[in-house]
Amino acid sequence: MNEGRKRDEPIVPMKGVNKDQAKVGPAESVEGRGSTKRKKQQLNMGQTQGWETMQNKLMVLHQKAKQDKKLHFTSLMHHVWNLDLLEKAYSSLKRNAAPGVDGQTYSEYGKALESNLIDLSGRLKRGGYRAKPVHRMYIPKRDGSKRPLGVTVLEDKIVQKAVTMVLNTVYEADFLGFSYGFRPKRSQHQALDAVYAAIMSRKVRWILYADIQNFFGKVDHSWVIKFMEHRIADRRIICLIRKWLKAGVMEQGILSYVEEGTPQGGSISSLLANIYLHYASDLWTK
């Protein structure tokens, strides 16, 4: 989606239209049959070019992060409110995901996608964006206990995804090679392959398996922010993170606020977890 996109100009009929031309629509009589199809192709091409331009900008950020491990990024927010990035974030969401506390669904939002994203971008620019509480649900676990899940409203998902895409360009230059969880183009299968390769190529005497109990529910908010500030100096990004951490939880119609933990279900939670563990565990392990 391009910020400079304009509405189609009204078509002025040409003089001297013959009978055959009179049988077709006004757009086709002037521009020829298939003009509507061409316009759609041009529109899609504009969206593609806009996203490619955005990708190039993110790649520049990634290269800067790689070249200078101590660089503080002071201006990132303008990437987040970019319409091409917001549209990409929207299109990457699950179509049939459960709605949040506002009841907004993916398909309903998409019916007026362009105007909705323009409005969202404007609120992000002027500081009018407000995070909404997450809807608390529980998923049964094998041991009989239940894992809490926070269902985020659609617009918060869009903005969280956009912020994650921007911050990933920075942190993918920092995260260590043996870290695999919740990272782009990495999976648990690759982690198992790495373990297998290490066992087969080295004299491994022992393997340690550990699980952090209720990690997402116990993450310290203040330490998450402190760790982020090693790299992120854009106060508007930090403000967004604080909004999501402090948005509250809606459970059975009752709104409560938590002082620790990140809402499971939002895309930003996985990145915040990786940032926290990078400084609290991975660097120490290395």
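Me: In which sense do E1 and strand E2 pair, and over how many bridges?

Reply: In this predicted model, E1 and strand E2 (residues 146-151) pair in the antiparallel sense over 6 bridges.

Me: What do E1 and E2 form, and which residue in the turn has a positive phi?

Reply: E1 and E2 form a hairpin with 5 residues between them. Glycine 144 in the turn has a positive phi of about 95°.

Me: How do you know that strand E1 and strand E3 pair?

Reply: The criterion is at least two bridges between the strands. Strand E1 (residues 134-140) and strand E3 (residues 249-251) have 2 bridges, in the parallel sense, and therefore they count as a pair. Histidine 135 stands opposite methionine 250 in E3.

Me: Why is valine 134 called buried?

Reply: The term buried applies under 20% relative accessible area. Valine 134 has a relative accessible area of 5%, so the residue is buried. Valine 134 has its place in strand E1. Leaving aside neighbours within four places in sequence, valine 134 is in contact with Val101, Gly150, Val151, Thr152, Gly248, Val249, Met250 and Pro263. Valine 134 and glycine 266 are 132 residues apart in sequence, while their C-alpha atoms are 9.0 Å apart in space.

Me: What is the place of isoleucine 238, and why is this residue buried or exposed?

Reply: Isoleucine 238 is placed in helix H12 (residues 235-245). Its relative accessible area is 0%, so isoleucine 238 is buried, the limit being under 20%. Leaving aside neighbours within four places in sequence, isoleucine 238 is in contact with Ile225, Met228, Glu229 and Ile232. The C-alpha atoms of isoleucine 238 and methionine 77 are separated by 9.9 Å, although the two residues are 161 apart along the chain.

Me: Which residues touch the most other members of the largest nonpolar core?

Reply: That core has 55 residues, of which Val80, Leu120, Leu124, Ile158, Val159, Leu167 and Met228 touch the most other members. Helix H8 (residues 154-171) supplies the largest share, 10 residues. As for leucine 124, its contacts beyond four places in sequence are Met77, Val80, Trp81, Leu86, Tyr129 and Val159.

Me: What makes aspartate 174 and lysine 69 a salt bridge?

Reply: A salt bridge needs a side-chain nitrogen of Lys or Arg within 4 Å of a carboxyl oxygen of Asp or Glu. The closest N and O atoms of aspartate 174 and lysine 69 are 3.8 Å apart, so the pair meets the criterion. Aspartate 174 lies in the loop between H8 and H9, and lysine 69 in the loop between helix H3 (35-67) and helix H4 (77-80), so the pair ties together parts that are 105 residues apart in sequence. Aspartate 174 counts as buried at 12% relative accessibility, whereas lysine 69 is partly exposed at 47%.

Me: How do you know that glutamate 155 and arginine 123 meet in a salt bridge?

Reply: Their N to O distance is 2.9 Å, and the limit is within 4 Å. The pair links distant parts of the chain, with glutamate 155 in helix H8 and arginine 123 in helix H7 (residues 113-126), 32 residues apart. Glutamate 155 counts as buried at 16% relative accessibility; arginine 123 also counts as buried, at 16%.

Technical notes. Residues are numbered from 1 along each chain as its sequence is written. This is a predicted model: local features need pLDDT of at least 70, side-chain atom pairs count only at pLDDT 80 or more; totals for chains, interfaces and linings use all residues. Side-chain values use heavy atoms; hydrogens and water are left out. A nonpolar core is a set of buried Ala, Val, Leu, Ile, Met, Phe, Trp, Tyr and Cys residues joined through side-chain atoms within 4.5 Å. Buried means under 20% relative accessible area, exposed over 50%, partly exposed in between (1.4 Å probe, protein chains only). Helices (H or I, at least four residues) and strands (E, at least two) are DSSP runs, numbered from the N terminus. Contact means heavy atoms within 4.5 Å.
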